[in-house]
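Have the sequence and the 3D view open as you read.

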Amino acid sequence: MSETLSYFRQDRLPHIWCPGCGHGTITGALVRAIDRLGLDKNKIMLVSGIGCSSRAVGYLDFDTLHTAHGRALAFATGLKVARPDLKVIVMTGDGDCTAIGGNHFIHAARRNIDITTIVMNNNIYGMTSGQYSPMTPKGMLATTAPYGNSERDFDLAELAKAAGATYVARGTSFHVPMLIELLEQALQNKGFSVVEALSQCPTYMGRKNKIGSAVDMLEWIKGRTVNAKAAAALPPEKVQGKLLIGELHKSSQPEYCDEYLKATAKVRRAWKNIDGGLRGCEQNSD
Amino acid sequence: MSDKKFYRHLIRERYCKGCNICVAYCPKKVLELKDGKVFAARPDDCIGCLMCELRCPDFAIEVKPRDAAASDGADERVVDLQVPPEAHDA
């Protein structure tokens with residue numbers, strides 16, 4: 001970590017996440033994945049929205065954008081189209097990504113733009129004191145669901161897959177070595193990659209539902225997940241109702257920036273220098 | 001036991017929030033909480049699995065290899081808190 005601590009803005013640490021919050025573990029996993037791949041710090045852009053998870057970019061020493069609620073992917077799309085040479089990573093939460101930014105999420109997946117999205121899923125809106133989110137499991141308690149959540153929750157991996165993402169994986173803050181590997185794979189994938197990282201919120205999710213401390217919450221996460229590879233060999237009753245973790249989908253599709261440059265190659269001006277220079281296209285000779 | 005490896009524990013007390021995750025998941029029960037901060041009570045038992053380091057949400061603990069002879073009797077009472085823990089590796 002001494003090596004990876006250089007990726008942090010150390011004057012901002014210690015962070016303000018609650019004791020036992022899984023977001024720190026996931027941020028650490030991302031930094032370790034970046035360190036293992038040996039990516040250039042100056043070629044990485046981190047974009048986040050609003051929420052507990054989105055505070056992560058404030059602690060990381062890359063070029064970062066902390067944007068409006070749910071709009072992280074919208075900003076990231078603009079950034080990637082303007083500067084396709086940069087590696088764009090979006091750190092977002094479950095409410096930010098699936099509720100407020102749900103539309104941006106499915107359309108970024110549909111375009112298959114080369115962005116790596118890490119959804120830190122703590123099943124609740126932690127920053128605003130524990131309202132239920134679209135990822136709160138049915139029947140669980142939250143500030144705005146005092147008698148139990150009556151809504152069904154999203155399966156984010158299936159949603160991303162159906163919308164067209166080319167790399168979909170799910171990890172947890174309990175299975176950290178696996179999460180690091182998944183993030184490495186996601187960062188290497190050319191196209192829209194989604195890694196859903198289950199996280200624990202002992203302050204709101206744990207306390208409201210009487211799950212207990214951070215350690216009890218990690219045990220709870222461990223109990224409700226099963227490895228996707230192991231699930232194929234297990235009897236169906238052991239997999240019933242559990243979340244699969246690991247690499248869930250991988251495919252190869254044309255990437256949006258490449259396709260856009262290809263489509264507009266004919267009508268683009270051939271700028272020779274910043275002051276104007278030669279223009280290659282008659283149509284735009286204003 | 002000649003091939004036993006020894007580890008030391010670099011702990012940033014300022015970062016530690018005492019969430020107990022590292023203590024609970026240490027397979028050898030090396031770590032303990034003391035006054036709400038983590039502390040390596042039995043560093044010689046450490047097997048270097050890094051479960052504490054990887055799961056720590058606060059980047060407060062780090063496990064480094066050490067020579068067997070190096071640091072017996074070094075606990076938090078003899079640590080100079082004015083010196084940041086990383087300085088020893090510089």
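In this predicted model, A:I118 touches A:I26, A:L30, A:I89, A:V90, A:M91, A:V195 and A:A197, leaving aside residues up to four places away in sequence. A:I118 belongs to the largest nonpolar core, which holds 80 residues. In soluble globular proteins, nonpolar side chains tend to be buried together.

**Nonpolar cores**
- Three members of the 80-residue core touch the most other members: A:V90, A:I118 and A:L183.
- Helix 7 of chain A, residues 176-188, gives the most to this core, with seven residues.

**Contact between chains A and B**
- Chain A brings 20 residues to the contact, and chain B brings 17 residues.
- On the chain B side, helix 1 (21-25) and helix 2 (51-55) each supply at least two residues.
- Helix 2 of chain B has the largest share of that side, three residues.
- The chain B residues touching chain A comprise eight charged, seven nonpolar and two polar.

**Chain B**
- Chain B contains four strands and two helices.
- Along the sequence, their pattern in chain B is β-α-β-β-α-β.
- Chain B has 90 residues, and 31% of them are buried.
- Of the contacts in chain B with a separation of 6 or more, 57% join residues 24 or more positions apart.

Technical notes: Residues are numbered from 1 along each chain as its sequence is written. Chains are lettered from A and ligands numbered from 1 in the order in which they are written. This is a predicted model: local features need pLDDT of at least 70, side-chain atom pairs count only at pLDDT 80 or more; totals for chains, interfaces and linings use all residues. A nonpolar core is a set of buried Ala, Val, Leu, Ile, Met, Phe, Trp, Tyr and Cys residues joined through C-beta atoms within 7 Å. A residue is buried if 20 or more other C-beta atoms lie within 10 Å of its own, exposed if 12 or fewer, and partly exposed in between; C-beta atoms are placed from the backbone. Two residues are in contact if their C-beta atoms, placed from the backbone, lie within 7 Å. Ala, Val, Leu, Ile, Met, Phe, Trp, Tyr, Cys and Pro count as nonpolar, Asp, Glu, Lys and Arg as charged, and the others, Gly among them, as polar.
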